[in-house]
2 protein chains.
Amino acid sequence: MAGDGLQELRDELGRITLEILRLAARRREISEKIGELKERMGMSLLDRAAEARLRARVLEECRRLGLGEELGMRLLNILVEDSLEAQRKAGGDEFAYRKIFVKAAEMLRRGEKIIRMEVGEPDFGAPPSVIEAMCQAARQGYAKYSSGQGLGELREAIASKTSEKLGVDLRGENVVITVGGVMATYLSIEALTRPGDEVVVVEPGWPLYKPQARLHGRRVVEAVARMEDGWSPIEALEKVVGEATRLIVINYPNNPTGKVLTRDEMEEILELAERYDAWVVSDEVYLDYIYDGEAVSVLQFSYPKTVLIGSFSKAWGMTGYRIGYLITGSEEAGRMAHIQNLIITNLPEFIQKAALKALEEDEAVKRNVEEIRRRLETLCSELGRSRAIEFQRPQGAMYVFPRIKAQLDSVEFAWKLLEEKKVAVAPGASFGQSFRSYFRVSAGRPVEELREGARRIVEALEESVG
Amino acid sequence: MAGDGLQELRDELGRITLEILRLAARRREISEKIGELKERMGMSLLDRAAEARLRARVLEECRRLGLGEELGMRLLNILVEDSLEAQRKAGGDEFAYRKIFVKAAEMLRRGEKIIRMEVGEPDFGAPPSVIEAMCQAARQGYAKYSSGQGLGELREAIASKTSEKLGVDLRGENVVITVGGVMATYLSIEALTRPGDEVVVVEPGWPLYKPQARLHGRRVVEAVARMEDGWSPIEALEKVVGEATRLIVINYPNNPTGKVLTRDEMEEILELAERYDAWVVSDEVYLDYIYDGEAVSVLQFSYPKTVLIGSFSKAWGMTGYRIGYLITGSEEAGRMAHIQNLIITNLPEFIQKAALKALEEDEAVKRNVEEIRRRLETLCSELGRSRAIEFQRPQGAMYVFPRIKAQLDSVEFAWKLLEEKKVAVAPGASFGQSFRSYFRVSAGRPVEELREGARRIVEALEESVG
């Protein structure tokens with residue numbers, strides 16, 4: 001067999017590829033029919049039981065064919081995602097918030113007086129000692145190329161402070177210094193899953209987990225928590241986590257609901273993950289902001305497939321310094337650092353020196369947390385005057401997440417509020433499709449401004465829903 | 001048709017899915033056979049013409065079937081990647097340089113006196129006025145969440161300065177402020193190509209274009225320039241650019257050869273790109289560093305599908321500030337900013353304020369360029385003493401790239417040099433597999449240190465090859 005043999009094999013490869021496409025097209029037709037049928041019957045589109053059965057058959061077939069389960073799963077996920085797309089109608093609204101943010105910033109620049117309660121950014125800014133530490137480091141020339149994983153001394157300091165705080169045993173090699181918490185979640189998804197893999201995201205939650213996962217073809221499945229259950233995610237997770245789940249993203253204290261996870265709840269989540277050998281990425285950037293309940297971290301349990309996401313943004317008011325971190329196994333940390341290195345080389349050393357200084361400023365964190373607690377109390381008592389909304393008092397974080405009882409779309413309401421009352425809030429749709437009647441109010445501004453903002457919100461609600 | 005109809009459709013969906021898997025398994029068997037056959041015939045695994053034909057047929061079939069090119073491409077990419085995995089063996093050596101960098105940094109930390117000529121980092125640091133501008137901005141609270149595209153005033157300033165310098169007409173909306181040039185090339189590849197697309201990279205070139213492209217499944221094809229042609233890339237590009245090419249990365253003044261592109265050469269590259277409707281990403285971070293020839297930018301020609309990559313790292317000595325930019329069409333700029341926003345939110349505002357100040361510091365740039373020119377002259381005359389190597393005098397940038405005439409692997413040579421002579425250089429293999437007998441020497445250190453380093457290199461060459 002020589003060159004001719006090669007040509008024959010290639011032709012065969014081509015024929016098989018086109019046959020796969022034809023089958024995929026036929027599959028889509030059938031999916032569309034199923035979608036129509038389900039709609040007529042008032043059934044939900046996502047049928048996890050049917051999907052699980054198909055998945056089991058696919059796995060069995062992969063084994064029989066010696067195909068490798070990974071390839072089989074990736075193919076199946078692409079096909080299933082396509083089916084759902086064929087069945088699905090409306091799209092997500094993760095960027096509804098971003099549009100309000102951009103508009104509010106623009107109005108401010110034009111000189112309008114806007115009360116900004118949409119952005120998750122405390123107004124207090126970095127402690128002066130931190131600013132000066134940065135300036136000193138820059139003057140001393142800490143502004144060179146360095147490690148993609150972060151400065152050794154900062155990683156060691158975070159490892160030892162976190163170990164002490166949580167009663168665990170970490171090393172610097174477990175830590176990656178990242179461009180804020182946002183890069184930390186991105187790197188976790190990138191390094192721990194592959195295109196076509198399934199990522200479960202608890203909702204309501206921070207708006208960017210989903211677009212981050214979808215950016216490179218992960219399949220997102222939402223676990224939707226409900227206010228009626230005190231925002232506990234357990235039931236929702238039990239419903240959707242399964243054989244296909246490769247990674248679960250949780251975020252407690254929760255943005256936007258303020259829910260704090262109990263020890264039992266964290267344990268249940270980790271057991272569920274362990275049952276299906278899935279990773280748990282736990283975004284704990286609000287772990288210092290707890291008013292009711294105790295700080296529970298994913299690192300305090302024995303399950304090893306976990307990533308903690310931390311940040312200097314919220315506790316120290318250092319949002320614009322763009323520095324956060326992740327803590328995980330040393331092998332995974334190395335892989336994530338490698339990806340970060342390919343995208344940004346490294347974080348500025350002078351910013352890492354500033355963060356090192358921040359770690360000494362426990363008093364600033366305490367003051368900030370106390371201040372946000374007071375603001376949230378004011379917000380709750382002001383918003384509590386309206387009978388048009390209901391909400392659960394936040395146990396942590398820095399937001400209130402009310403539901404408008406009447407039929408009122410919160411994206412429309414947010415735009416009306418911004419234009420007529422000059423108050424910016426984040427529409428609930430940004431935190432998940434099920435929360436279109438909710439909106440998020442942030443405690444990032446001084447208390448008197450928040451009081452005035454809340455009054456205007458109550459006023460607007462009265463005008464809108466009577 | 002009721003519940004039963006649904007069950008029938010689901011069964012059909014399951015049958016089709018399993019049939020697709022069987023075809024995928026058959027496809028892998030054939031790929032393995034092709035791999036064996038190619039190996040026996042001494043052929044390269046990558047057959048671009050065959051792949052381009054298959055890709056074209058798949059696209060045609062998608063259209064015919066109304067399948068949506070996205071799904072078709074996603075399926076094809078998973079299948080092609082799987083075929084290559086079944087065929088593939090050894091990997092590249094882009095990280096040989098990084099290993100030397102890490103080792104040299106570690107030796108320095110341990111107190112050893114190392115002459116670091118491996119890293120592309122000028123030693124002069126940011127101008128003092130830039131450092132102070134940053135400190136002032138941080139104290140004034142320019143440390144909040146802001147635009148993923150960058151501060152408007154900085155984008156406007158870059159647009160107007162570049163317009164004036166190159167005789168073109170740019171707006172702030174054409175500019176994205178990025179985390180160094182590294183993020184700018186990454187975003188360009190991400191936004192302008194898709195998994196499975198072909199990216200042509202000129203070699204020798206900056207080591208990270210290839211791993212950046214491969215990170216999310218782009219197919220990399222190298223256009224290998226030769227010293228014998230005065231490092232002109234034209235012939236090499238003509239050989240590989242074709243129907244499958246979606247994007248070409250060029251880098252002039254070139255790292256590592258110091259080659260400066262002529263106006264005619266740039267024109268030929270753009271004509272070639274236009275013939276195949278490919279994007280040209282032109283990394284021009286060394287555009288201020290020219291000693292022989294004139295500054296030619298990709299923006300000075302009429303072809304619209306281009307991206308200029310710029311940086312504050314080299315001209316102002318601001319490597320560790322991690323700030324660069326890209327200039328392209330406003331629609332593409334918006335898409336790239338969106339991706340950057342998903343990964344890092346935004347760059348620190350105080351760093352952007354520092355960059356704004358740097359734009360006023362033309363004198364500092366002139367001094368830096370003059371200093372590097374002097375250093376390169378010293379390097380050339382010292383290295384010129386050795387008959388064991390040959391090199392072309394750099395016309396630009398900040399490196400010398402000699403070839404060892406004898407049979408000597410430069411990775412081995414670099415390690416020996418570091419361990420025995422305490423001099424770090426970058427092995428040629430990092431800049432492309434064809435350059436294993438080359439090494440790169442950087443002019444980033446003071447002239448006396450470079451002179452001593454060059455002497456030791458000459459000494460080591462004599463000991464190694466006689």
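Predicted model: local features only at pLDDT ≥ 70, side-chain atom pairs only at ≥ 80, totals over all residues.

What is the mean pLDDT of chain A, and what share of its residues reach 70 or more? The mean is 91, and 96% of the residues of chain A reach 70 or more; pLDDT is the predictor's confidence in each residue, from 0 to 100. The model scores ipTM 0.88 and pTM 0.89.

Residues are numbered from 1 along each chain as its sequence is written, while chains are lettered from A and ligands numbered from 1 in the order in which they are written.

**Entry: the two copies**

A rotation of 179° with 1.1 Å of shift along its axis does it, with an RMSD of 1.7 Å. That is the relation of a two-fold axis. Ile20(A) is the residue of chain A that comes closest to the rotation axis, at 2.3 Å (C-alpha).

**Entry: the interface**

I counted contacts (C-beta atoms, placed from the backbone, within 7 Å). I found 77 residues of chain A in contact with 75 residues of chain B. Helix α1(A) gives the most to this side of chain A, with 25 residues; helices here are DSSP runs of H or I, at least four residues, and strands are runs of E, at least two, numbered from the N terminus. The copies meet through the same surface, because 97% of the interface residues of chain A are also interface residues in chain B.

**Entry: helix α4(A)**

Which residues of α4(A) are buried? They are Ala96(A), Tyr97(A), Ile100(A), Phe101(A) and Ala104(A); buried means 20 or more other C-beta atoms within 10 Å of a residue's own, exposed 12 or fewer, and partly exposed in between, with C-beta atoms placed from the backbone. These buried residues fall within an arc of 135° seen down the axis, so they line one face of α4(A); the arc is taken over directions from the helix axis to the C-beta atoms. On the other side, Val102(A), Glu106(A) and Arg109(A) are exposed. The buried residues of α4(A) pack against β1, α14, β12 and β13 of chain A. After α4(A) comes Gly111(A), with a positive phi near 95°.

Note on methods: Least-squares fit on C-alpha atoms with pLDDT ≥ 70 in both. Contact = placed C-beta atoms within 7 Å.
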